[in-house]
Amino acid sequence: MAQSFDLDDVKRRMTGAINAFKHDLGSLRTGRASPTLLDPIQVDAYGSAMPITQVATVSVPEPRLLSVQVWDRSMVGPVEKAIRESDLGLNPQTEGQVIRLRIPEMNEQRRKEMVKVAHKYAEEAKVAVRHVRRDGLDLLKKLEKDSAISEDDSKRHADQVQKATDQYVSDIDSLLVAKEKEIMQV
């Protein structure tokens, strides 16, 4: 089976890195309630670790309040414990099968910590995009070496890969700036 170069595949993989970055940013606490805030939390349920979304419904009834409706009454305790032990700094208040989470105002120091975490996520996303670029360029070199494509085609495709990389890195930077602004907003 002969390998071939597909720019769309490279772009699809780079888009995957951006989507993962968007998901990571969504789980960062700003000052407002967001259902994605609880996405990283794992609950010990039925003998295994499960995402909180598989044992409860998370909703936002007010801008600074999260409501977690636990489906199985026996899971209320483990869900509450998982939220309390997460590093989100939230204090759950249980009423029957509903757990309410007030989102406190963030102080300046906590905001700066969140910005640092956002920068770390951005760097990880950029590294992922660069890995995809490297894979694409390696494939082009291999195809050129095996005489499957001409040197001119290889250079043209390499330029396209670099342009795509620059575009995706720029997208990551603009998402980071928007998130940083949202976090620092009082």
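Here is a quick walk through a predicted model, taking in a sheet, some helix packing and a couple of single residues.

## The sheet

Let's start with the strands. Four of them form an open sheet in the order β3-β4-β6-β5, and the pairing is antiparallel. The edges belong to β3 (56–62) and β5 (92–95): each has a single partner strand, so one side of each is left without a neighbour in the sheet. On average, neighbouring strands here are turned by 25 degrees against each other, if you ignore direction.

Now zoom in on one pairing. β3 runs antiparallel to β4 (residues 65–70), and 5 bridges link the two. Look for Ser 59, which sits opposite Ser 67 in β4. As a reminder, strands of a sheet pair through backbone hydrogen bonds.

## Helix α2 and its buried side

Which residues of helix α2 (residues 76–85) are buried? They are Val 76, Val 79, Glu 80, Ala 82 and Ile 83. These residues cover an arc of only 160 degrees around the axis, so they lie on the same side of α2. The general rule behind this kind of pattern is that an α-helix has 3.6 residues a turn, so residues three or four places apart point the same way.

What do the buried residues of α2 pack against? Their partners are β1 (42–45), β4, β5 and β6 (98–102).

## Helices α1 and α4 together

Helix α1 (residues 7–26) packs with α4 at an angle of about 10 degrees, and the axes are 11 Å apart. With that angle, α1 counts as roughly parallel to α4.

On the α1 side, the contact includes Leu 7, Met 14, Ile 18, Phe 21 and Leu 25. From α4 come, among them, Val 161, Ala 164, Tyr 168, Ile 172 and Leu 175. Charged side chains join in too, including Lys 11 and Lys 22 of α1 and Asp 171 and Lys 179 of α4. Sorted by type, the residues of this contact come to 11 nonpolar, 3 polar and 4 charged.

Is His 157 buried or exposed? His 157 counts as buried, because its relative accessibility is 17% and the cut-off for buried is under 20%. Leaving aside neighbours within four places in sequence, His 157 is in contact with Phe 5 and Leu 140.

Asp 173, on the other hand, is partly exposed, with a relative accessible area of 30%. Asp 173 and His 131 are 42 residues apart in sequence, and their C-alpha atoms are 17 Å apart in space.

Note on methods: Residues numbered from 1 in each chain as written. Predicted model: local features only at pLDDT ≥ 70, side-chain atom pairs only at ≥ 80, totals over all residues. Heavy atoms only, no water. Pairing = 2+ DSSP bridges. Helix = DSSP H or I, 4+ residues; strand = E, 2+ residues; numbered from the N terminus. Axes fitted to C-alpha atoms, helices over the stretch in contact; angles between N-to-C directions. Buried < 20%, exposed > 50% of the residue type's maximum accessible area, 1.4 Å probe, protein only. Arc of directions from axis to C-beta. Contact = heavy atoms within 4.5 Å. Parallel < 35°, antiparallel > 145°, perpendicular 65-115°, else oblique.
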